[in-house]
Amino acid sequence: MDAEAAKYIETPNARAMGREKNIIAIDKFKREFSVEVALNPISTLEGTKILAAVVDITERKLAQQAILDRQEQIRLMIDSIHDYAIIRLDVNGIVVSWSAAAERLKGFKEDEIIGQSFAQFYPKQERDLKLPEKNLEFAIKNNRFESEGLRMRANGSTFLANVIINSIRDSRI
């Protein structure tokens, strides 16, 4: 018995195992597969017994890997676009993702801009008029907003940009 098992027997409590580390089981055909194990102490007349529930999580792991693979494919596709800044905002206009092209065109490094408001891309006079917020609100209500205007780079210089804000909704909502 290893030290972890001995410690558990001393002070049994309900817990799940296999979420943080990969637990491998072997079936009767000698095939390995990933499992989660839930341990629950049960008081009986004979003393405390441990109920162990073992769940095959192979399908879940395959689905999680498929999601990770798809996310990586999307990231690679976005990073291959060089002429257009692709920026993802939350509903409040906070930057949540930033493409390599956005860094080249706007001059902000990803770690400088993630978590910041997209309003800083607008000239001060437009920010004073709450134009960024109005444009975002229009896009949310109408699924899309498009305009051409001056935008700001990290170094304070301006450039003429055609800006499209698309409202992309999660299909689960």
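Asp 79 forms a salt bridge with Arg 75, and the closest N and O atoms are 2.8 Å apart; a salt bridge here is a side-chain nitrogen of Lys or Arg within 4 Å of a carboxyl oxygen of Asp or Glu. The structure is a predicted model, in which local features need pLDDT of at least 70 and side-chain atom pairs count only at pLDDT 80 or more, while totals for chains, interfaces and linings use all residues. Residues are numbered from 1 along each chain as its sequence is written, and side-chain values use heavy atoms, with hydrogens and water left out.

Both Asp 79 and Arg 75 lie in helix α2 (residues 58–79), four residues apart, about one turn of the helix. Helices (H or I, at least four residues) and strands (E, at least two) are DSSP runs, numbered from the N terminus. Asp 79 counts as partly exposed at 27% relative accessibility, and Arg 75 counts as partly exposed at 38%. For these classes, buried means under 20% relative accessible area, exposed means over 50%, and partly exposed lies in between (1.4 Å probe, protein chains only). The pair also belongs to a network of salt bridges that links Glu 72, Arg 75 and Asp 79.

Side chains of opposite charge can pair when their charged atoms come close. A search of the whole structure finds ten salt bridges. One of these joins the side chains of Lys 124 and Asp 128, with an N to O distance of 2.9 Å. Lys 124 and Asp 128 are separated by about one helical turn because they are four residues apart in helix α5 (residues 124–128). Asp 128 is exposed, with a relative accessible area of 52%. Another salt bridge connects Glu 137 and Lys 141, at 3.2 Å from N to O. These residues are four apart in helix α6 (residues 131–142), and so are separated by about one helical turn. Glu 137 is partly exposed, with a relative accessible area of 44%, whereas Lys 141, at 61% relative accessibility, counts as exposed.

Lys 106 has no such partner. This residue lies in helix α3 (residues 100–106). Lys 106 is buried yet has no salt bridge, and the nearest side chain of opposite charge, Glu 126, is 11 Å away. Leaving aside residues up to four places away in sequence, Lys 106 touches Ala 85, Ile 87, Trp 98, Phe 121, Arg 151, Arg 153, Ala 154 and Phe 159, where contact means heavy atoms within 4.5 Å.

Helix α3 also holds Ala 102. At 0% relative accessibility, Ala 102 counts as buried. With residues up to four places away in sequence again not counted, Ala 102 touches Ala 85, Ile 86, Ile 87 and Gly 107. Ala 102 and Ala 63 are 39 residues apart in sequence, and their C-alpha atoms are 31 Å apart in space.

Two lysines in loops have positive phi values. Phi of Lys 30 is near 70°, a positive value in a residue other than glycine. Lys 30 is placed in the loop between β2 (23–26) and β3 (32–44), and counts as exposed at 68% relative accessibility. For Lys 130, also a residue other than glycine, phi is near 60°. Lys 130 sits in the loop between α5 and α6 and is partly exposed, with a relative accessible area of 48%.

The protein chain as a whole contains six helices and eight strands. Along the sequence, these elements follow the pattern α-β-β-β-β-α-β-β-α-α-α-α-β-β. The radius of gyration of the chain is 26 Å, well over the 16 Å that the globule rule gives for 173 residues, so the chain is more spread out than a compact globule. The radius of gyration is taken over C-alpha atoms, and the globule rule is 2.2 Å times the number of residues to the power 0.38. Taken along the principal axes, the C-alpha atoms fill a box of roughly 80 × 35 × 30 Å.

Buried residues make up 21% of the 173 residues in the protein chain. Among contacts with a separation of 6 or more, 26% come from residues 24 or more positions apart.

Terms used:
Lys, Arg positive; Asp, Glu negative; His and termini not counted.
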